[in-house]
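Dear colleague,

Please find the sequence and structure below. My notes on the findings follow directly after them.

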Amino acid sequence: MSNQLSTVITGIGELATNDPERAEQGGLLGLVHDAAVVVEGSRVAWVGPAAEAPDADVQVDAGGRAVVPGFVDSHSHLVFAGDRSAEFEARMTGQPYTAGGIRTTVARTRAATDEQLTSHVARLVAEMRAQGTTSIEIKSGYGLSVHDEARSLAVARQFTEDTTFLGAHVVPAETTPEDYVDLVTGPMLAAAAPHARWIDVFCEDGAFDVDQARTILAAGSDSGLRGRLHANQLTYGGGVQLACELGLVAVDHCTYLSDADVSALAASGTIATLLPGVEFSTRQPYPDARGLLDAGVRVALASDCNPGSCFTSSMALCIALAVREMRMSPTEALHAATAMGAAALERDDVGVIAPGKVADLVLLEAPSYVHLAYRPGVPLVAGVWQAGRPVVGPWG
Ligand SMILES: [Zn+2]
């Protein structure tokens, strides 16, 4: 036996485990009713019916409420400074969203100190945690200079291992696209790579085309970074098929897809990460999640929390939007926001509640996970354990 303190959480009315070994009885979410979970140190030690739970050093009672895995938000842009609420108001009164709005945040981010950027990210990460998000990916992309991209990633690294170099977010005002791609694939990549696990490109009209994206992803791969892609958000284009051709783990947005794009996603296994908060916040049409799932595409949900196109940090909102606006079932939406988010980050230790996995659990003020979609906008997160530590709620 380990000498780490163990806690048994009993009285769980409905437990969503995402454990494939429980799929036969518990469906996609591996549901267990009247369940208990034993946490030992940072890991889950035991899962099963409460009546069979082993003893532990500490016992807490969930009071019949539901417990789900911590949300895995696989797409966020938290390192920035400045406020763009005026731009949001303008958009809500008729101006369209374009990729160029990113440049307004770049100027503010460059002017901020490291301490200002760090405290801003810390505030957003705490906001996410309070809403049940226990794993996050954070991108750079508002520095767009060698120095500012590297320091953005160094800031992000204080909060997660899943940091993504997004120097290719938009071409900054002071240079040309050709020179900028050379910078991104040269000195900027060299400065960024030590702080990053992933490399990403905003492949879109007004940002980077497919050939540029291919060049940038190849350079990143040569530096040991795994690729991911923003594609087909605002227009049809070749980004999704590039992601599938390259075998990327995930391609994000996927709003404007041709039949050939959907077929390529289904055949490649590349995860389509849908970001419905963006469509909500820009009044764009939602991606066809139902069509993707019915075609056999693997679908994840993430927030895309960023100051321009979508400034929500709420995965529960994304779940509600996925159910209401994209015709996902509540089961599919929760799975996409947890297990599939983990898969989109190539993580097999989070997004699932099973022995040996990281003990990231969310206690809901509800008898069922369905309430995440059934009660949109209601703060249902009553407690959060992150790596076995109670960080939010009655035991935190
Ligand atoms: Zn994004």
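In which helix is the place of Q212? Q212 belongs to helix 7, residues 210-222.

Before the details, a note on the source: this is a predicted model, in which local features need pLDDT of at least 70 and side-chain atom pairs count only at pLDDT 80 or more, while totals for chains, interfaces and linings use all residues. Residues are numbered from 1 along each chain as its sequence is written, and side-chain values use heavy atoms, with hydrogens and water left out. Helices (H or I, at least four residues) and strands (E, at least two) are DSSP runs, numbered from the N terminus.

Q212 has a relative accessible area of 18% and is therefore buried (buried means under 20% relative accessible area, exposed over 50%, partly exposed in between, with a 1.4 Å probe and protein chains only). Not counting residues up to four places away in sequence, Q212 touches P177, V181 and A207 (contact means heavy atoms within 4.5 Å).

Helix 4

Helix 4 comprises the 17 residues 114-130, which at 1.5 Å a residue should span 24 Å; the end C-alpha atoms are 24 Å apart, in agreement with that value. The expected span is 1.5 Å times one less than the number of residues. The buried residues of helix 4 are L117, T118, H120, V121, L124, V125 and M128. They cover an arc of only 165 degrees around the axis, so they lie on the same side of helix 4 (the arc is that of the directions from the helix axis to the C-beta atoms). An α-helix has 3.6 residues a turn, so residues three or four places apart point the same way. The partners of the buried residues of helix 4 are strand 6 (71-73), helix 3 (102-111), strand 7 (133-136), strand 8 (138-139) and helix 5 (146-157). After helix 4 comes G132, whose phi is positive, near 100 degrees.

L78 is in the loop between strand 6 and helix 2 (85-92). With a relative accessible area of 0%, L78 is buried. Leaving out residues up to four places away in sequence, L78 touches H120, V121, L124, V125, M128, I136, I138, K139 and C305.

Helices 12 and 13

The axes of helix 12 (residues 315-326) and helix 13 (residues 330-337) come within 9 Å and cross at roughly 140 degrees. Axes here are lines fitted to C-alpha atoms, for helices over the stretch in contact, and angles run from 0 to 180 degrees between N-to-C directions. Helix 12 contributes M315, I319, A322 and V323 to the contact, and helix 13 contributes P330, A333, L334 and A337.

Loop residues

C310 sits in the loop between strand 14 (299-301) and helix 12, and counts as buried at 0% relative accessibility. Apart from neighbours within four places in sequence, C310 is in contact with G277, V278, S281, S303, D304 and C305. C310 and H253 are 57 residues apart in sequence and 12 Å apart in space, C-alpha to C-alpha.

C254 lies in the loop between strand 12 (250-253) and helix 9 (259-268). Its phi is near 55 degrees, a positive value in a residue other than glycine, and C254 is buried at 1% relative accessibility.

A387, in the loop between strand 16 (381-386) and strand 17 (389-392), has a positive phi of about 45 degrees although it is not a glycine. A387 is partly exposed, with a relative accessible area of 34%.

With kind regards
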